[in-house]
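Morning, everyone. I have a few minutes on one model. Please put it on the screen.

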Amino acid sequence: MHVDNPLGRVLPSSLTSSSAARAIAGLAGAAAAGLVYSTVIERNAFTLRHSTLAVLEPGATPLRVLHLSDLHMTPNQRLKQAWVSELESLEPDLVINTGDNLAHPQAVPAVIQSLGGLLSRPGLFVFGSNDYFGPRLKNPLQYFKTDHTRTFGEPLPWQDLRAAFTERGWLDATHTVRELEVGGVRVVAAGVDDPHIERDRYDTIAGRPNPLAHLRLGLTHSPEPRVLDRFAADGYDLVMAGHTHGGQLCLPFFGALVTNCEIDRSRVKGVSSWGSTMKLHVSAGLGTSPFAPARFCCRPEASLLTLTPVSHGDADFDEEHSLPQLATELS
C-alpha cells in the first residue's frame, strides 16, 4: 500500500506513519519540557525588580520602598521562604505588602518567619482574597472572563496574620488614612480592602489627603480601574497593587494573556501612569496558587522602588535583576 504526499511523490505508508510519530513525539517532548520549566524552574526563579519613580514633593529626601505581594505561601515552600528572608539585607525605608500572603491554613508562621526583620521596619499592608479564603481548583478559562462567578475556599486565619503584622509595628491601611514619617519623608497612605471580591469601600477614605505630605500613597490588592480612578481624582501620587501575577503565563513578544481584573494588559506589572499625575506600580508577585503552580515568561518578583522628588524632565526607570543562582523547588 502507498500513500500520496502533497508533492505528488508516492511514499511508503510506514515511512509516513513514522514521520508523523516523530512529529507527535517531538511536540509531546516540547510540551513536557515547557511544563517542567514553568513549574520547577521559572516558578522559583525569584527576581528583584528595581524601579525609580519621581513622585515625591520637590525637596524631599529619596525614599526606598520594598513592595511585596502575592506570596501565596504554604508551610513547605522552603526556598521561597529563604529568598524572602534575604530581602531584609536591602534595608528599605518602608515596606508595602499588598496582600494574598496565604495559600494554606497553617502558613501564618512561615510568612512571619520569612519576613523576619522586615517587620521591624516601617510597613503598611492591605489584604487580598487569598488572605481570607484558601485556594480552590478552578477552570482556567474563567480567568478570561472578569465577570465570572466567584467561588471561595476554606476560611484562612487572616486575623492571626493581621495581629502578627500589627504587633510587630506594621500599619493596616484598610479603609483607613495613615500618616507617618519615614526617613524624613512625611507619608500619607490609605487603602481599600480587595476590590476583586468587592470588599472595597472607598468612601471610608474619600477626600484629598494632607497637602503637606511629601508622598500621598494608595494601596489596593487588585488594581481595579474604579478604585484607581478615585485615588487619582483625590490627588494621590502613587498607588501600589498586586493580584495580577504579571499574567503568570505569558507569551514571548506578546506578554500577558489575561490580567484577572479589569485593568488592561499593558499595565499588568511594573510602573505605568494612571491619569495625568498619578503613578501605578503593580507587582507580579512571588507565588502562585497551589492548583496552578506554573509561571512562563513571567518570573516571580519583589520590587525595590526608589522614590525621588519630582523635577522637570524626570523619567521613570524599571529594571529586573535575577538571583545569581537559579533556585528550584520541587514542592
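This is a predicted model: local features need pLDDT of at least 70, side-chain atom pairs count only at pLDDT 80 or more; totals for chains, interfaces and linings use all residues.

Residues are numbered from 1 along each chain as its sequence is written, and side-chain values use heavy atoms, with hydrogens and water left out.

Rings first. Rings of Phe, Tyr and Trp (its six-membered ring) pair if their centres lie within 6.5 Å; planes under 30 degrees apart are stacked, over 60 edge-to-face, the rest tilted. That rule gives 12 aromatic pairs. Take Phe125 and Phe127: centres 5.3 Å apart, planes at 35 degrees, so tilted. Phe231 and Tyr236 have centres 5.0 Å apart and planes at 80 degrees, so that pair is edge-to-face.

Buried or exposed? Buried means under 20% relative accessible area, exposed over 50%, partly exposed in between (1.4 Å probe, protein chains only). Phe231 and Tyr236 are both buried. Phe125 is buried, at 0% relative accessibility. Phe127 is buried too, at 3%.

Which residues do ring pairs link into a cluster? Phe125, Phe127, Tyr132, Phe133, Phe152, Trp158, Phe165 and Trp170.

Now helix α5, residues 158-167. Helices here are DSSP runs (H or I, at least four residues), numbered from the N terminus. Leu161, Ala164 and Phe165 are buried in α5. Seen down the axis, the buried residues of α5 fall within an arc of 100 degrees, so they line one face of the helix. That arc uses directions from the helix axis to the C-beta atoms. Just after α5, Gly169 has a positive phi of about 115 degrees.

Methods: Helices (H or I, at least four residues) and strands (E, at least two) are DSSP runs, numbered from the N terminus.
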